[in-house]
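User: I have a chain open here and would like to go through it. Can you take my questions as they come?

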Amino acid sequence: MIREWDATAYDALPLPHLRWGRRTLDRLTLSGDETVLEAGCGTGRDTAALLDLLPQGRVIAVDGSARMLDRLRARLADGLDRVDVLQADLTEPLPIARADAAFSVATFHWIHDHDVLFANIARALRPGAPFVADCGGRGNIARVRAALAKVTGEDPEVWNFAGAEETRQRLERAGFTDVRADLVPDPARLEPGEQFESYLATVVLGAHLDRLPRSEHQGFVHAVAAELAEPVVDYVRLEFSARRAGG
Ligand SMILES: C[S@@+](CC[C@H](N)C(=O)[O-])C[C@H]1O[C@@H](n2cnc3c(N)ncnc32)[C@H](O)[C@@H]1O
């Protein structure tokens, strides 16, 4: 499901996504002249890092959120001639063919059908192309979910926190080979109070807040934060690497 993000608040936060992006980039070997598909590019932090690694290459930066992409265009103003910015839903077939690599950070847990997602990515890649990604994995933010369940009385299927083995199987079914998938606990500690609540509201609870009137947002986030013993988001990352079969 496509939803809008508060790109300004997002970029103002101390995001663990920065280290997740670096770790994911470290798993991608590039020559410098490739075209790389970035799936869920957000405000373009990793797009900029990719461009630095691609002096003769390009990035196809895909995201569903118009506001995130506006921010990316502003951030990359000097390098936009080497970026194709595409507002698209990753659950729909992408108008991309024969990209040389795919890269994604902190996006896939927002997508319920990973079979469809991986098939779309596979179709966008040339045979042999690498695919590296990070997203929330099985067990992710269990304490935050328990706090949410206390506040709301339910634990709706907002996210898709997939396991390593099921992801490996899905990637192989979608036409990938040389698959490696791991779950990596990686909690993020925020400043208590305003910073933690802004983080929860902007990064974690957006889909919950979309269902509430704006007047209730602050109280809801405060109630969830109050259920947590410390200002920590107990992340478990699903990190995977694969290669499009046939190369
Ligand atoms: C937490 S942000 C991560 C952004 C960026 N990769 C980063 O690390 O900062 C998740 C991004 O995934 C995008 N997204 C989620 N579901 C999507 C979908 N179905 N199609 C396209 N983009 C999607 C959102 O719009 C958002 O920009």
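User: Is Arg 98 buried or exposed?
Analyst: Arg 98 counts as exposed because its relative accessibility is 58%. Buried means under 20% relative accessible area, exposed over 50%, and partly exposed in between, with a 1.4 Å probe and protein chains only. This is a predicted model, in which local features need pLDDT of at least 70 and side-chain atom pairs count only at pLDDT 80 or more, while totals for chains, interfaces and linings use all residues. Residues are numbered from 1 along each chain as its sequence is written, and side-chain values use heavy atoms, with hydrogens and water left out.

User: Where does Arg 98 lie?
Analyst: Arg 98 is in the loop between strand E3 (83-87) and E4. Helices (H or I, at least four residues) and strands (E, at least two) are DSSP runs, numbered from the N terminus.

User: What about the phi of Arg 98?
Analyst: Phi of Arg 98 is positive, about 60°, although the residue is not a glycine. Most residues other than glycine have a negative phi.

User: Which other residue has a positive phi without being glycine?
Analyst: Asp 178, with phi near 50°. Asp 178 lies in strand E6 (residues 176-185). Asp 178 counts as exposed because its relative accessibility is 55%.

User: Back to E4. How many of its residues are buried?
Analyst: Five of the five residues in E4 (residues 101-105) are buried. Ala 101, Phe 103 and Val 105 point one way, Ala 102 and Ser 104 the other way, and all are buried.

User: Which strand do three bridges join to E4?
Analyst: Strand E1 (residues 35-39), and the two run parallel. Leu 37 stands opposite Ala 102 there. E4 also pairs in the parallel sense with strand E5 (residues 130-136), over four bridges, and Phe 103 stands opposite Val 132 in E5. Two strands count as paired if DSSP finds at least two bridges between them.

User: And E5, which strand do seven bridges join to it?
Analyst: E9, running antiparallel to E5. Val 132, the residue opposite Phe 103, stands opposite Ser 241 in E9. E9 (residues 236-244) is mostly covered, with seven of its nine residues buried.

User: How many bridges join E6 to E9?
Analyst: Eight, and those strands run antiparallel. One of the pairs is Leu 183 with Leu 238 in E9.

User: Switching to helices. Which residues of H8 are buried?
Analyst: In H8 (residues 194-204) they are Phe 196, Glu 197, Tyr 199, Leu 200, Thr 202, Val 203 and Val 204. They pack against several elements, including helix H2 (17-26), helix H6 (142-152), helix H10 (217-226) and strand E8 (232-233). Contact here means heavy atoms within 4.5 Å.

User: How many helices and strands does the chain have?
Analyst: Ten helices and nine strands. Buried residues make up 54% of its 247 residues. Of the contacts with a separation of 6 or more, 80% are between residues 24 or more positions apart.

User: What are the spans of the C-alpha trace?
Analyst: About 50 × 40 × 30 Å along the principal axes. The radius of gyration is 18 Å, which agrees with the value near 18 Å for a compact globule of 247 residues. That radius is taken over C-alpha atoms, and the globule rule is 2.2 Å times the number of residues to the power 0.38.
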